[in-house]
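Have the sequence and the 3D view open, and let us walk through some local features together.

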Amino acid sequence: MNFPLSRFTPMLALALLAVMQGLSATELHWTELPPLPVAASGHFAVVHENALYVAGGSNFPVSPFQGGKKQWLKNVYRLQEGATSWEDLGVLPTPRAYGGAVSTKNGILLIGGTDGATVFDDVLLIVPEGGAMSVTTLSNRLPQPCAFTQAAVLGNAAFMAGGQSAPTSTAALHTFWRLPLEKPDATWEVLEPWPGPARMLPVVAAQGGAYYLISGADLFAQPNGNPGRKFLSDGYAWTPAKGWRRIADPPNPVLAAGAAAIGQAHIAIVSGDDGKLFDQSPVLGDTHPGFPHDVLGYHTITDTWSHWGTAPLAYVVSQGVNWNGHVVIPGGEDRPGHRGEKVLAAAPAPRTGNFSVADYATLAVYFLALLGIGLFLGKREHTTEAFFLGSRKVPWWAVGMSIFGTSLSAITYLAIPAQAFATDWTYFLSNMAIIVVAPIVVYAYIGRFRAQPITTAYEFLENRFHLSVRIYGSIVFALFQIGRMSIILFLPAIALSTATGLSKYDCIVVMGVVTTFYTVIGGIEAVIWTDVLQSFVLVAGALLGMYFVFHGIEQDLAGALSTAYEAGKFHTFNWSLDLTTTTVWVLVAGQSFAMLYPYTADQTMVQRYLTTATHKEAAKAVWTNAAMTLPMSLLFFGLGSALWVYFKEHPQYLDPGLQNDAILPLFIVEVFPSGLKGIIIAGVFAAAMSSLDSSMNSLSTVFVHDYYRRFRPGITDRHALWVARISTLLLGIFATGCAMYVAKINATALFDSYLKMLGFVGGGLSGVMALGVFVRRANTAGALAGATVSAVVVYAIANYTPINGLIHALFGFVSAVSAGWLTSVLFPAKAQASVAGATGAAIR
């Protein structure tokens, strides 16, 4: 690999090559569940309400090569989680097999199928009722009879593709149908079929917002008139927005394989008929060796196939399902004319952390450094002015790096590379909103905040309007930060546990305890200076990550860039006017207004503006953060794209058991040399802790100044300092406990969700703050009306329109300012202070 850095660090390259020898490919761990009551294949299989259901199917009590006849089944069985045997729920109206089955909120749909004489076009609804069931034939019949295929659910619709319309058809179906599930009276829609041959017995699955159709066999008439099969080794993916596209071909045909979507981006395909012995089956008879045992994994993001070992048994014509993260194959055909009753379950073999003593030592040194900073600075935190504002003498460059470190939480540290890995650079534009926001903050807001000796942003609101507006602002801030603290501890803990071998609870406790300690002792100065250290660590971690990714890629730099470009990984601009998706307008406009909240109305940021000696230094801090954002965004998005190229070349190392957000920690664990792993993982810890310490200190500031001191004005500064430290301690304990609870219930959060939440809660408050800064005639009634109208507007848009959540902040801000201005005009205050009067004429 020709990469310039290799000339400067040959020892690191050699270390990488040594570590890569230990890379571990994905393996599945197999177990057996209780066997089926009757050996069968072609049966309907589905997971519904966390129980496994099997219905119908076919069997050969006596081998067909010994004159036996196929038996068609109609019983419905259920296996509850943890049960040791199957329940018999009853029978279908008629025997049937080889159709599709999906779970819906109303029950289980059995779609099409055959009884050997007739191919059905009906749809049955099974509703479990205790230890029994009801079966209803629905009116929404298929466009034509269909069997020998499967169904899958994508979004709110069921899909069927291919199959055959008669038991002895000499032509497979080239059809693609959709049934909307949200309406009980919906009918099947005929969609454009895939741009490939017709097929029966394909592998189908829904994963990552797409429907996948893989392999199968086309049919043709043999000279004797009987149907012949042409085994296929191709694949296609369909999405509602873009229709069909060709995907990478599987290594071989996998007709009638059991398959299931697993994790966020994999499809597991177990066994399947490769056709090699198909024509010899009549001759081999009962001596047929069976079907291949190979297990394939398809990764939808990198469009790659990998070999996941072998299954203990090879079943075909069995519908695979995902049951609690396990790929389950409930029986099937293990050789022509023979069925099996064993139920196989497989899950990715757990990967333990490869942390060495050197890695743990690196982490320990890092944590000790943080604690040392807290202890050192704690010696001079004797007043609330020092504890909350650093005595207003913190260097501007340190404040700028602290703003950067705070805004780059572990959510973004992990999620930005993961977003670029999984999709493209569309979200890059959201980070560029700082270019729009920074000048506004510098020239319009900082001077207002510093014009009088306030400690919280919400003191400004009381001075400008009324105590009630101050309470509103501080409550919105507090609710957002309290929820945020648990998220920024929980999300990185998932990835960190994978990398370190510690449990996610251990990771949460370590981050919570260390951060709480130095924040309680050292106050805002400890927060800022640890943020400086943590900013260096997380940037160094990302640079090292980029270095090792490129050294692991087999192509040269030009080739890697070309591969990513051709796959659309650098796509950034969507110029559509559609407000329901991530267009340029949604990202730039929406995130510019969303970013007004943290930079103008969030105490974690405003508090930093007040820690410098002068207005000029505060402005330089904001410019420093803005200047760091562009190159760091390029670095993190570039790292995600580089990881995509790496794992496209090495798909066998992708772990289907991990979330996409863990892609960077996975690479670290697999590739980084001992010692350096600790540095990168310290960067993830740093990103989480730099956000957590800011939230804790700022919440303590708001509690003490906006509530405790505000309503108990006679307390001493020493007493207020004691309350500040106790409240910080309690906040740390609370955040740690909440994060552990979130981990226990296995909640998840996504990058999109975080940004949408920011827009939902921030638009109104930033609009009220803008009223106070820009609208001289704005009054208390206007501010409160603006906040109320904003909340109603954002709620209505979020719940009753398809508008993308990333632009909600724009509507929240505009509605707050508009309603606030109009109310102030209609109901003017008798004596309303001007902006200058409310904030003071002097600028510090």
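## An arginine and its partner

R141 is partly exposed, with a relative accessible area of 44%. Please keep in mind as we go that this is a predicted model. Which residue does R141 pair with? R141 forms a salt bridge with D121, and the closest N and O atoms of the two are 2.7 Å apart. D121 is in the loop between β7 (107-111) and β8 (123-129), while R141 is in the loop between β9 (132-137) and β10 (151-154), so this pair ties together parts that are 20 residues apart in sequence. D121 counts as partly exposed too, because its relative accessible area is 23%.

## Salt bridges across the chain

How many salt bridges does a search of the whole structure find? The search gives 15. One of them brings together the side chains of K342 and E32, at 3.9 Å from N to O. That pair links distant parts of the chain, with K342 in strand β26 (residues 338-348) and E32 in strand β1 (residues 28-33), 310 residues apart. K342 is partly exposed, because its relative accessibility is 35%.

Another pair to look at is E462 and R710, whose closest N and O atoms are 2.7 Å apart in a salt bridge. Here too distant parts of the chain are linked: E462 is in helix α9 (residues 457-464) and R710 is in helix α17 (residues 676-711), 248 residues apart. Are these two residues buried or partly exposed? E462 is buried, at a relative accessible area of 17%, whereas R710 is partly exposed, at 29%.

## A four-stranded open sheet

Now to the strands. An open sheet is built from four strands in the order β14-β15-β18-β19, and their pairing is antiparallel. Which strands are at the edges? They are β14 (203-207) and β19 (243-246), each of which pairs on one side only. From one strand to the next, the twist averages 20°.

Within this sheet, strand β15 (residues 210-214) and strand β18 (residues 235-239) run antiparallel and are joined by four bridges.

## Two loop residues with positive phi

Y98 has a phi near 60°, which is a positive value in a residue other than glycine. Its place is the loop between β5 (87-91) and β6 (100-104). With a relative accessibility of 7%, Y98 counts as buried.

S391 likewise has a positive phi, near 60°, and is a residue other than glycine. This serine lies in the loop between α4 (384-389) and α5 (396-407). S391 is partly exposed, because its relative accessible area is 32%.

## Helix positions, inside and out

Which residues make up a nonpolar surface patch of about 490 Å²? The patch is made by W722, I726, L729, L730 and I733. L729 sits in helix α18 (residues 717-744) and counts as partly exposed, at 36% relative accessibility.

T629, in helix α15 (residues 615-649), counts as buried because its relative accessibility is 13%. What does T629 touch, leaving aside its neighbours within four places in sequence? T629 is in contact with N431, M432 and I434.

The last stop is D506, in helix α11 (residues 504-552). D506 is partly exposed, with 39% relative accessible area. Between D506 and L496 there are 9.7 Å in space, C-alpha to C-alpha, and the two are 10 residues apart in sequence.

Conventions. Residues numbered from 1 in each chain as written. Predicted model: local features only at pLDDT ≥ 70, side-chain atom pairs only at ≥ 80, totals over all residues. Heavy atoms only, no water. Pairing = 2+ DSSP bridges. Axes fitted to C-alpha atoms, helices over the stretch in contact; angles between N-to-C directions. Patch = residues over 30% accessible without salt bridge, like charges linked within 9 Å, V, L, I, M, F, W, Y side chains within 5 Å. Areas by Shrake-Rupley, 256 points an atom, 1.4 Å probe, with all protein chains shown as cover. Salt bridge = Lys/Arg side-chain N within 4 Å of Asp/Glu carboxyl O. Buried < 20%, exposed > 50% of the residue type's maximum accessible area, 1.4 Å probe, protein only. Contact = heavy atoms within 4.5 Å.
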